Amino acid sequence: MPAPDTRTGTGPAVAPPIPVKLLIAGGFGVGKTTTVGAISEIAPLTTEAEMTSAGIGVDDPGTRSTKTTTTVAMDFGCVTIDRSLKLYLFGTPGQDRFGFMWDDLARGALGALVVVDSSRLDDCYPAIDFFERAGLPFVVGVNTFDGRLTHELGAIRWALAIGDHVPLVQFDARDRLSVRDALLVVLDRALDRAVREKGI
């Protein structure tokens with residue numbers, strides 16, 4: 001017979017969900033903050049600062065962007081998948097000058113979603129290189145700005161030179177269900193890696 005819950009005295013104790021840390025990474029202005037905000041069940045913690053004239057020629061959000069702020073440290077949000085699993089999402093800053101923070105943010109993470117703008121593929125190379133060097137499972141998520149892609153997924157995989165073992169998905173950073181589906185692919189890849197490493 002299950003032990004009673006000592007907090008309420010009624011029924012069995014319910015174990016808290018297992019925390020899983022995932023990174024949301026990518027270049028500047030690709031939709032990382034939007035991704036975290038779309039799915040977080042709490043008001044996301046953001047470290048947004050107004051873009052200034054000093055960033056002209058340094059921070060390029062792309063021609064389709066109306067971005068006026070930028071992440072200067074990280075974004076944070078969380079979402080409960082079910083009673084046994086809770087995701088803690090850490091969005092990385094996209095500019096090269098904040099790259100020194102990535103090692104700290106990646107510590108303890110089980111996987112990452114690398115967000116890509118299909119019209120600015122060059123901006124995601126540093127993130128892909130980082131996770132390949134770190135040996136951290138990652139998924140490439142192509143954000144559909146305005147509901148369209150500049151290139152087909154097959155052409156994007158070829159341009160990024162990522163192997164077939166790296167999942168490549170299309171998603172909309174503004175849509176909660178679309179973000180959820182992309183994160184579930186990351187979670188599946190991370191759990192598969194953990195199982196293989198344990199030899200189960």
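This note concerns the salt bridges of a predicted model.

1. Basis. Residues are numbered from 1 along each chain as its sequence is written, and side-chain values use heavy atoms, with hydrogens and water left out. Because the model is predicted, local features need pLDDT of at least 70 and side-chain atom pairs count only at pLDDT 80 or more, whereas totals for chains, interfaces and linings use all residues.

2. Count. A salt bridge is taken as a side-chain nitrogen of Lys or Arg within 4 Å of a carboxyl oxygen of Asp or Glu.

3. Glu41 and Lys86. These side chains form a salt bridge with an N to O distance of 3.6 Å. Glu41 belongs to the loop between helix 1 (32-39) and strand 2 (48-50), and Lys86 to strand 5 (residues 85-91), so the pair ties together parts 45 residues apart in sequence. Helices (H or I, at least four residues) and strands (E, at least two) are DSSP runs, numbered from the N terminus. Glu41 is partly exposed, at 41% relative accessibility; buried means under 20% relative accessible area, exposed over 50%, and partly exposed in between (1.4 Å probe, protein chains only).

4. Asp172 and Arg174. The closest N and O atoms of this salt bridge are 3.0 Å apart. Asp172 is buried at 19%, while Arg174 is exposed at 52% relative accessibility.

5. Between Arg120 and Asp123, the closest N and O atoms lie 2.6 Å apart. Arg120 is buried, with 12% relative accessibility, and Asp123 is partly exposed, with 29%.
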